[in-house]
Amino acid sequence: MASATEYIIHHLTFNNVSLNGKSGSFWSLHIDTFTVSLVLGFFFLFIFGFVARRAKVENPGKFQLFVELIVDMVDGQVKDIFHGKSKLIAPLSLTIFCWVFLFNLMDLLPVDLISFINDKAGHPEAHWRMVPSADVNATFAMSLSVMILIICYSIGAKGFGGWLKELFSAPFGPKLGPINFIFQLIELIAKPISLALRLFGNMYAGELIFILIALLPWGAQWILGGPWAIFHILIITLQAFVFMVLTIVYLSLAVEDH
Amino acid sequence: MDINATLLGQAITFAVLVWFTMKFVWPPLNGMLEERAKRIADGLAAAEKGKQELLDAESRVADELKKVQQRAGEIIANSEKRANQIIETAKESAHIEADKIIADAKAQIDHEFARMKEDLRLQVSDLVIKGAEQILRAEINKSKHEQILAQVRAELQ
C-alpha cells in the first residue's frame, strides 16, 4: 500500500529550507515549526499582554478571570516548589506552560486541514507540520534553555567555585571526585533530554496516531478518532503542565544544596 | 531526529517570549492579584475590627445603662426620703401652727370672756343698784345703807 506510506511520510515531513544552500547540513530551518511557534507565541503574548494592560482589581471580566486562573495556578506551583527568590521563574513557567499548551493544541486540528488548504492553493506537494512540539528542535530549544538556566542558577546560588566543588564532591564525597563528576554530568544532561523527549514523544505519537486514524475509511474514523481526541485534551494539558513543573523543580534543585 | 538551526530560532523566540512575559505580562497581573488579595484581607480585618468595636460599644452601653439605672434608683430613693422629710416637717409646723392658733383663740376667748364678765358684772351691779335705788328710794336712805350696798357689791365680784 504505497499510497498509505506516501501519505504518512508526506504528513511527517518538515517544510525544510536550507540556509547555506547545502542539503542535510545543520544550517537549515523548519519553516513550519518556526512560523507556527512564532505565531502561537505572539498569540500568547497578545492575549496575556492585553489582559495585563487592562487588568482591574475589582469587577474582572470573564476573560480576565480565565487569564487570572492560569496565572494563579502557575504562581501557586512556583511558590510550592521554588523557595528562593527569583523574578524570572514565574514568568518563565507561565511562558512554558502557555506556549507548550498552544503547541500541543495544534495536534487537535484535523491532520489533513493544511494539506487540504495546500491542495486548494495549488501546491499539493508542499509540506507543513502543524505541531511544533512534535519537532525535537522546538522541544530541545526549550529544554536546553532550561539547562542553561539550571547552570546559571547553580552558579548564582553557590558561586562558580561552589558549583565546581559540588560537581566533584556530591553525591559520594570528595574522595570519589571523577565518579561524582560523571554522575553530575549525566544528571545535568539527562534533565534536558528527558524534558524534551517526553514532550516530543507524546506529541509525535499523538500526531502519528491521528494520521493512522485518518487512513481508516471515513465513516469509521470517529470511532477511534473521537476517543483519542478527547483523551488527547488531557494529554496536551498534562504535558504542558509536566514540562512547566519539572522546569521549576530542576531550577529549585539547582538553587538548593545537595 | 534532525537537529538543525530551527533549534536556535526556537531558542531565540523562547527567550523573547520569556523576556516579554517577565517585563510586561507577569508584573501587572501578579501585582493586580496581590493587590486584590490585600484588599480582601484588609476588608476582612476591617470587618473583624468593626465586630470587635460593636461588641465593645455594646458592653459600654450595658455598663452605662447599669450606672444610669443605679443613679436613677439613688435619685428616686433620695427624693422619696426628701418628700417624707418635707411632709414630716409640714406636719410638725402645721401642728405647731394649729396649737398656736388654738392657744391664741383660747386666750382671746378667755380675754373676751373676762371682758364680758366684767361688763355683765358692771351692768348687773348697775341694775341691782338701780333696782335697789328704786326700792330704796321709797323707804331707805341711800347714805344710811351705803355700807350694805358696798357689801353687796363686793359679794358680786
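**Exercise 1: a helix pair**

The crossing of α2(A) and α4(A) is right-handed, that is, the near helix is turned clockwise from the far one by less than a right angle. The model is predicted: local features need pLDDT of at least 70, side-chain atom pairs count only at pLDDT 80 or more, and totals for chains, interfaces and linings use all residues. Residues are numbered from 1 along each chain as its sequence is written, while chains are lettered from A and ligands numbered from 1 in the order in which they are written.

Task. Describe the geometry and the contact of α2(A) and α4(A).

Solution. Step 1: helix α2 (residues 31–53) and helix α4 (residues 89–105) of chain A pack at about 130°, and their axes are 9 Å apart. Helices are DSSP runs (H or I, at least four residues), and strands are E runs of at least two. Axes are lines fitted to C-alpha atoms, for helices over the stretch in contact, with angles from 0 to 180 degrees between N-to-C directions.

Step 1: α2(A) and α4(A) are therefore oblique to each other, the class left when angles under 35 degrees (roughly parallel), over 145 (roughly antiparallel) and 65 to 115 (roughly perpendicular) are set aside.

Step 2: A:Ser37, A:Leu40, A:Gly41, A:Phe43 and A:Phe44 of α2(A) meet A:Cys98, A:Trp99, A:Leu102 and A:Phe103 of α4(A). Contact requires C-beta atoms, placed from the backbone, within 7 Å. By class, this contact has seven nonpolar, two polar and no charged residues. Ala, Val, Leu, Ile, Met, Phe, Trp, Tyr, Cys and Pro count as nonpolar, Asp, Glu, Lys and Arg as charged, and the others, Gly among them, as polar.

**Exercise 2: the chain contact**

Solution. Step 1: chain A brings 38 residues and chain B 28 residues.

Step 1: on the side of chain A that touches chain B, α2(A) gives the most, with nine residues.

Key: Two residues are in contact if their C-beta atoms, placed from the backbone, lie within 7 Å.
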